[in-house]
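These are my notebook entries on one protein structure. I looked up its overall build and then a single residue.

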Amino acid sequence: MAIIGIDLGTTNSLAAVYREGRAELIPNSLGEFLTPSVVSIDGDGQVFVGKIAKEMLITRPECTFQEFKRNMGTDIVYKAYGREYRAEELSALVLRSLKEDAERFLGEAVEEAVISVPAYFNDDKRIATKNAGALAGLKVERLINEPSAVALKHHMENEEMENFLIFDFGGGTLDVSMVEAFDNMVEIRAVSGDNYLGGKDFNELIAEHFYSENGLTKEDFSLEEQGAVLQEAEALKRMLSGKNRAVRTFMLGTAEYTMEMSNQQLIHISAELFKRMTGPMEKVLNDSGMTWEEIDKVILAGGSSKMPVVRQYIQSIAETCVAVDDRPDESIALGVGLAAAIKARAGEIRDMVLSDICPFSLGMELYDGTFSPIIERNDTLPCSRSRIYSTASDGQEAMTFKIYQGESIMVRDNLLLGTLTFDGLPKLPAGEVSAVVTFLYDINGILDIHVDRPGKSVHKVIMNRRIGLDEEQLEERLKELKSMAMYPKGKERDRLLLERAHRVYMECTGVTRESLEQEIRRYENLLSCGKEKEIRQGFVRLLLYLESLEQNQVTFEEFHEDFFREEEDFLDK
């Protein structure tokens, strides 16, 4: 039975499988590899995932959700028709859709997956990701850091001995990793990142600039109209990947608006975002102890790395070659597919070794509330580290160890993982009773803690913690999610076209809106009682009509020779 690899992304998700000596992407029911990480739930509990749900961000924003990956492992809830959903439950619906696509593509049941996570995900977010897999009906023993997946793919393709830095910039997160690769070994030396920095932040800045330029505020518009502005901002950002200046015209209500920007303007309004990119790169260089002279290249991965302004910025600060991955949107998924094959010990990849590291320090709270690290960040996994702790007061009969994850000197600013009590100590003066605390941390994120002193030993395993849900609640939610019907895969093309039509309808006015309404009703009638040939003809008719309307809503400004020199350079470098 195949183990698949899944890139559970903030913006898009993909699945891959290792077959016939290579990692292969798995298409969804629309024949595409990228499935938007968007979920919509209607009043009857019907679930829509992917492109259809993305259209519903505008037509049904009150029950459609995106970018929930950023809130994995938190108490934030999303509400639809009186029901509440956590980020891991919405992620589970995306995973379930990918699982069904894989089963259809492979012709067999899929019960296990390796899932990628941002390297800078803490323990809560990692366990929430595993819980999402369980809620989707998948066994998830192994998580792999996203830049580690990119490094694995890169080394399998090049097979060179080299040191390289992975700059993985996705829709919602930034990960930076230092990698040393040689022979059949890919070793991660250091990681850093920002869980709240991605391409979506550029979308929001462009939208804010649009409001400001037009003397407007976000609150001047409805949720549907705000969604339309964000969609136009994202489209404009994508246009700037191919030209130096982009212009879009669109309707909000009965008014027509223009949104325009150059790459140079995008740099100016995004200055703070670029500054935030610098921090993780500095941290990785410092933690790894490597200099630019020792680094062969910087590899840009992740869909947002396709932005010329991002490439230009990294080239301006990196003192070595900067290369864009040949498949930036798909590189993580292909790497996770390889990781799944390593776990399954499949074919010639069975001898490949991928070593990962601990992204955050693990340690104990001392009597004064300070943090005592035992395993340091960037220690290679699996690892074992020990420290000796003594009693802090006279006659102390028990030692309570609070286990934390983080880098702050004060534990209140770190993440509490669990508590272990070591009792039955002899009543002696402070400092005369001690115990050896050993942390064993494996590549699957399982922390085994041992506390020992002569004649007594206790241990505790911290794993599979249920974020916000106990065992009984998790089982109950699993049953509830299973009972929610996913929209039938075979009918997705028709529903996607209708949702697209409804979105365009909201953007039109007057005679155009009336005409589009007639076309929508004609196609809905065909779907309910028409013959297959008539439905196909109706599909093409409505599709062509929508394309003509959308084409008229967008204008492109021609290239002018009086552009600033720095603007012209963007697409040449």
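I began with a term: a residue is buried when its relative accessible area is under 20%, exposed when that value is over 50%, and partly exposed in between. By this criterion, 56% of the 573 residues of the protein count as buried. I note that the model is a predicted one.

Entry on secondary structure. I found 15 helices and 27 strands in the protein. The radius of gyration is 26 Å, close to the 25 Å that the globule rule gives for 573 residues, so the protein is as compact as a globular protein of that length.

Entry on extent. I looked up the box filled by the C-alpha atoms, and along the principal axes it is roughly 90 × 55 × 50 Å.

Entry on contacts. I considered contacts between residues at least 6 apart in sequence, and 67% of these join residues at least 24 apart.

Entry on surface and charge. The accessible surface comes to about 24800 Å². Carbon and sulfur atoms account for 48% of that surface. I also looked up the 66 positive and 99 negative charges, whose mean positions are 4 Å apart.

Entry on one residue. Where does Asn525 lie? I located Asn525 in helix H13, which covers residues 510-529. Is Asn525 buried, partly exposed or exposed? Its relative accessible area is 47%, so I recorded Asn525 as partly exposed.

Key
Residues are numbered from 1 along each chain as its sequence is written. This is a predicted model: local features need pLDDT of at least 70, side-chain atom pairs count only at pLDDT 80 or more; totals for chains, interfaces and linings use all residues. Side-chain values use heavy atoms; hydrogens and water are left out. Helices (H or I, at least four residues) and strands (E, at least two) are DSSP runs, numbered from the N terminus. The radius of gyration is taken over C-alpha atoms; the globule rule is 2.2 Å times the number of residues to the power 0.38. Buried means under 20% relative accessible area, exposed over 50%, partly exposed in between (1.4 Å probe, protein chains only). Contact means heavy atoms within 4.5 Å. Accessible areas come from the Shrake-Rupley method with a 1.4 Å probe; for residues, only the protein chains shown count as cover. Lys and Arg count as positive and Asp and Glu as negative; His and the chain ends are not counted. The place of a charge is taken as NZ of Lys, CZ of Arg, CG of Asp or CD of Glu.
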